Structures are given as structure tokens and as C-alpha cells.
Amino acid sequence: MSERFTKGMARNIYYGGSVFFFLIFLALTFHTTKEMPKRDHRENITESVVRGKALWEDNNCIGCHTLIGEGAYFAPELANVYDRRGGEAGFKAFFNGWMKAQPLNIPGRRQMPQFNLNDQEIDDLAEFLKWTSEMDDNNWPPNIEG
Amino acid sequence: MNTLKYQSQAVAKPYFIFAMILFVGQILFGLLMGLQYVVGDIVGGLIPFNVARMVHTNLLIVWLLFGFMGAAYYLVPEEAETELHSPKLAIALFWIFAAAGVLTILGYLFVPYATLAHITGNDLWPTMGREFLEQPTITKIGIVVVALGFLYNLGMTILKGRKTAINMVLMTGLIGLAVFFLFAFYNPTNLALDKYFWWFVVHLWVEGVWELIMGAILAFVLIKVTGVDREVIEKWLYVIIAMALISGILGTGHHFYWLMTPAYWQWVGSIFSAIEPLPFFAMVLYAFNMVNRRRREHPNKAATLWALGTSVMAFLGAGVWGFLHTLAPVNYFTHGTQITAAHGHMAFYGAYAMIVMTIMSYAMPKLRGVGEANCNRAQVTEMWGFWLMTVGMVFITLFLTGAGVLQVWLQRLPESGEALSFMATQDKLAIFYWLREIAGVVFLLGLIAYIASFFVKEKQVA
């Protein structure tokens, strides 16, 4: 059996199989990007949301937090923090106070740094988190705690 | 005693040495982070966790890249049976990459990240601030330039020489590495698209083209230490990487479950990633089979140990621990918990850190002019390093898994209102984090033994 199964056949399976499944992957990717606008609500991406995403990146928030489960596992999930911390009624007020109170300096507790954002920047970041929370991510996370 | 077949293979040496220096840095920052998990204010605000983590993960990626490059410069000329196209280019690229790497790490450590983003012009072409892709855009461009020069050098070498399966597979893997890295430059303002294509770098690297690199290096070392017929080894190399790509490409779907994607990814991702452990299992059978069928007793026992060890640990870390949380209904609860961290640690160590140490173990005695193998004492020290690091990593993984299971139980499974908050849950996991830190110290001891093995000499008989 192992004599009849040659290196050439193994090589053909490798090249053929890889190309075949890569093409399927590209086709599914194409379809997914066509479906995405229904789920990501990109029509709600305002200039404030765009600035908020830039602030999110420029301060390396992903280095401690997760966003839809991706990132570091050191600090809370933030894709649903908008809903967890007050939503439409209270999130922005909570968030502004929270950002300004850092670091909390509770002995032994994990410390969030002070990023020195101004009110406009904190509002942009809040808008980014609000928009993120409203995307349809197939109903993840399982509960409000993220 | 010079045992190099081609003198230009010597350019691999600085790559390997520098990789080890970065590896030590990676582990030290890992230990710091482990402490920050339980004593949050351990270094005050001096090194915030996000900085330590960025240094830890980026050092890992960069030392593995140095290791892969060293491996390629070592094995491509020997496989092609010709000298490297340009040793000078290889050395020049070494210094460029090393300087860019060191400057970037120093930038992380001594400049606030937002300032680093600002002075490197991130607002002109934003690519920073995404997990594993934190490097300033200018560093990313540098990586592309180094990769192009590297691929050109190897490509020219292979073109004028013998085109073995090992060389072709390695080249495909390295070209894939460079091509998929280009997605690092695509950062749309729409987070949904950003995340989707971010995985084209991250997943298609570690569960795609890097497996080709690993397979090629393992096949090369197995041929050398066992003397088994090349036809046999290369045939199974093709079988294994065929399985790896056939499962791994659509296996990308397991990262798309909770993005803004159609639900069919939950089926596609679950089915194909359930197959992903198979190539790793095949790799275990293959490595042990080839060593059992060996036609020579190679004096480098340590290299053989690494080759067997990497297959087993890659199977456990990438295969078994990957499968643990890859099915969509399970992943719904485990996604982004310490279970992910457990899997990440053992998979990277087993598949990639260990394959680099496999080729180093085989090649370094030759590169240093020691001969076919280090003296017995040095090999024993190296094997102490192997076992301490590997056992340390097994326990790091087990403790993180324990933390992850408890985290899911307390924070994810209960309904809203009854579930514990993230921070309250973390307090409950402290014992696991302390044990993980102890296992981390064992790992460091292993690394010290491993580094020491390079300096151990045979006892002088008086």
C-alpha cells in the first residue's frame, strides 16, 4: 500500500487540496463581506465613532481588555460595556467619571492607567463603544458580564 | 572542527543567537505579567500591563521570525546543494531587522504608546493598536523589506540548486508568511471588517503557513538524525501539510463565530477545526516512526529529543487544547477566557518555540565548529533545559485551564444578574494564577539550563 501511494500523489493532494479549499474560503469571504452591512450597521459609523476607534488603537486598549472576546484577558470585555454600564441613560456620564478617576490606586488591584483624554475624546471613545455594542455579533457574549 | 557542508550556512548563527536573547526577554516579561495578574500594582505605573504584554507577545513573534530565518539560511543551501546566493545580504538584513526590533521594543517601554503612535505617523496610515500588530507602521514596512530581501536571497539560491520537497514547502510557507502579513496594513474604520481581515494575518500564519515552515524544518532534521530515506520523509511531509491546510484554511471560521458574520461559519468553522488536530497527530506518529526506523545513531541525542518533543507538544497544545474550545457551542462560553490563554501558551511553545530549538539543537554545534554534536555534558544540560521548560509549560497550561474552567463557571454560564463580574471572578482565580507563576519560574529555570548548555564543556581529565 505504501509503495503504491507515492510522493507525487501526496504532493498533488497537497497542492490541489490547498488551492481548492482556499478558493472556497475566498468565495465564503466574498459572500460574508456582502452580508456584513446588515449586521455591522455601518451606516451608523459617524466621524465621532471613527475618532473613537483611533483613540482605542492609539492607547492600546486591546493590551488589557477584550473586544468581542479578542485581546488580552486581563481586564473586562468592552463590546457590551455600554449596556452593562447604563446604556442610553447613564453610560456617558459613568464613562467620563470612570476615565477621569484612573488609576484607582486600590492597593493590590489591577491598575488602569490615566490616559489624559479630554471630554471630546472621552465622548468619541464612548460613541465607538456604543456603536460596537449595537453590532450583531451572533448574540455573544452569553450574559451582561461579558 | 568544521562540519558545515556550505560555508554560507554560517549566516544562520547570529539569527539563532539573537533569537535566544529575545526569548529570554519574552520570558522575563511573561513572569512580570503573571505577577500583575495577582498583584496588580506590583511595579506601580512603571510598566503597565498592556506594555508588558505587547513586549511579551511581540518578542515571541520576532524571535520566532529570527529562528525561522536562521533555519532557512541553514537548511536551504544544504538542501539546494549550493552556497547561499548572497551571505552579505543575509547579514545586512540581520542588522536591519535586529535594529528595527530593538528600537520598537525600546519604544514600547520608554515612550507612552499614544506618543509612539503620534511620532511614527500612525494618523497618516493607522495600523497600530491591534493585538499582535502593535508595531508602528514604519516597523511593519521594515518587516516587509526584510522579508522581501530574505525571500529574494533564498529564491535565488533554490533557483540555481536542487529543488527538494523540503525547500519548496519551506519557501511556500515563507512566501505565505510575507503575503498574509500584508493584511496588517489594512485597517478599515469599520471594526467588523478590521477584525475579519486581522485573522488573515493571525490565523493564516499560525494555523496555516507557519505549519508548512514547521513541517519542512522537522522533515529536514528527521532526515539528518535518522538517516531514513528522503522519499519516505518527504511523502509524509506532503501528507501532513496537506491535512494542515485542508483543515486549517476553512478552520479560520472558528474565529468568525462571534463577529458580524453569517451563521454558517459556526458550522464551517466547527467541522474543519475538528479536523485540525489530525495533522498534528500524524506528525507525532511520523516523528516517532522515523526515529524508530533510523538507519544511523546520530551523536546529537538532544536534537532527536527536541524533534520528538515538538511533535508531541504541538499535538497537545495546538491539537488537543485547540479542539477543547473550538466547537461553536463550546466556544460561545469559553471565547476570550483563560482557556484561550492556556491554548495559546502550549501551542506556541510546542509547535513554534520547540521547532526553532529543534533546528538550533541540530545546527548550532556545526555552526560553532564543535562538530556533529555537543559533548555529552552539554547535551545532558540541554536535555535538562528541554524537560524543565516542557514540564513548566505543561503546568502553565493546566493551571490556566483550571482558571479558565472556573471563570466560565462563575462568569459565563449563569444568567445576567447571577453571573459574577469579570473582576470579582478574577479574584476567585488567584490560586491558579499563583500556581501558574510558579510553573513559569520552572520554565525560566529550564531556559537558564538551556542557555547554559551552550557554555558547558567536557570535564578536563586531570
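## A tour of chains A and B

Start in chain B, on the pair H3(B) and H5(B). Select Leu89(B), Ala90(B), Leu93(B), Ile96(B), Phe97(B), Ala100(B) and Thr104(B) on H3(B); they meet Thr139(B), Gly142(B), Val146(B), Gly149(B), Phe150(B) and Asn153(B) on H5(B). Colour this contact by class: 8 residues are nonpolar, 5 are polar and none is charged. Bear in mind throughout that this is a predicted model.

Now show the whole helices. H3 of chain B covers residues 87-110, and H5 of chain B covers residues 137-160. Their axes come within 10 Å and cross at roughly 160 degrees. Angles over 145 degrees count as roughly antiparallel, so H3(B) and H5(B) are roughly antiparallel to each other. Their crossing is left-handed.

**Next stop: H10(B) and H11(B)**

Stay in chain B and select residues 277-292 for H10, then residues 301-324 for H11. Here the axes come within 8 Å, and the crossing is again at roughly 160 degrees. H10(B) and H11(B) are therefore roughly antiparallel. H10(B) passes H11(B) in a left-handed crossing.

Show side chains at this contact. From H10(B), pick Pro277(B), Phe280(B), Phe281(B), Met283(B), Val284(B), Ala287(B), Phe288(B) and Val291(B). The H11(B) side includes Leu308(B), Val312(B), Phe315(B), Val320(B) and Phe323(B). Thr304(B), Ser311(B), Gly319(B) and Gly322(B) are also among the H11(B) residues in this contact. By class, the contact has 16 nonpolar and 4 polar residues, with no charged ones.

**Across to chain A**

Switch to the boundary between the chains. Select the 58 residues of chain A that are in contact with 64 residues of chain B. Which elements of chain A give two or more residues to this side? They are helix H1 (7-40), helix H2 (47-58) and strand E2 (70-71). H1(A) gives the most, with 17 residues. Colour the chain A side by class: 27 residues are nonpolar, 15 polar and 16 charged.

**Chain A as a whole**

Follow it along the sequence and the pattern reads α-α-β-β-α-α-α.

Colour by domain next. Domain 1 of chain A takes residues 1-40, and domain 2 takes 42-146. Their C-alpha centres lie 37 Å apart.

Zoom out for the overall dimensions. The C-alpha trace of chain A spans about 70 × 40 × 30 Å along its principal axes. The radius of gyration of chain A is 22 Å, whereas a compact globule of 146 residues would have one near 15 Å.

**Backbone details in chain A**

Most residues other than glycine have a negative phi, and most peptide bonds are trans.

Select His41(A). Its phi is positive, about 50 degrees, although it is not a glycine. His41(A) sits in the loop between H1 and H2 of chain A.

Move on to Gln102(A) and Pro103(A). A cis peptide bond joins them, with omega about -10 degrees. Where does Pro103(A) lie? Look in the loop between helix H4 (87-101) and helix H5 (119-134) of chain A.

Finish at Trp140(A) and Pro141(A). The peptide bond joining them is cis, with omega about -5 degrees. Pro141(A) is in the segment after H5 of chain A.

Technical notes
Residues numbered from 1 in each chain as written. Chains lettered and ligands numbered in written order. Predicted model: local features only at pLDDT ≥ 70, side-chain atom pairs only at ≥ 80, totals over all residues. Domains from an automatic or database assignment. Contact = placed C-beta atoms within 7 Å. Helix = DSSP H or I, 4+ residues; strand = E, 2+ residues; numbered from the N terminus. Nonpolar A, V, L, I, M, F, W, Y, C, P; charged D, E, K, R; others polar. Axes fitted to C-alpha atoms, helices over the stretch in contact; angles between N-to-C directions. Parallel < 35°, antiparallel > 145°, perpendicular 65-115°, else oblique. Left-handed = near helix turned anticlockwise from the far one by under 90°. Rg over C-alpha atoms; globule rule 2.2 N^0.38 Å.
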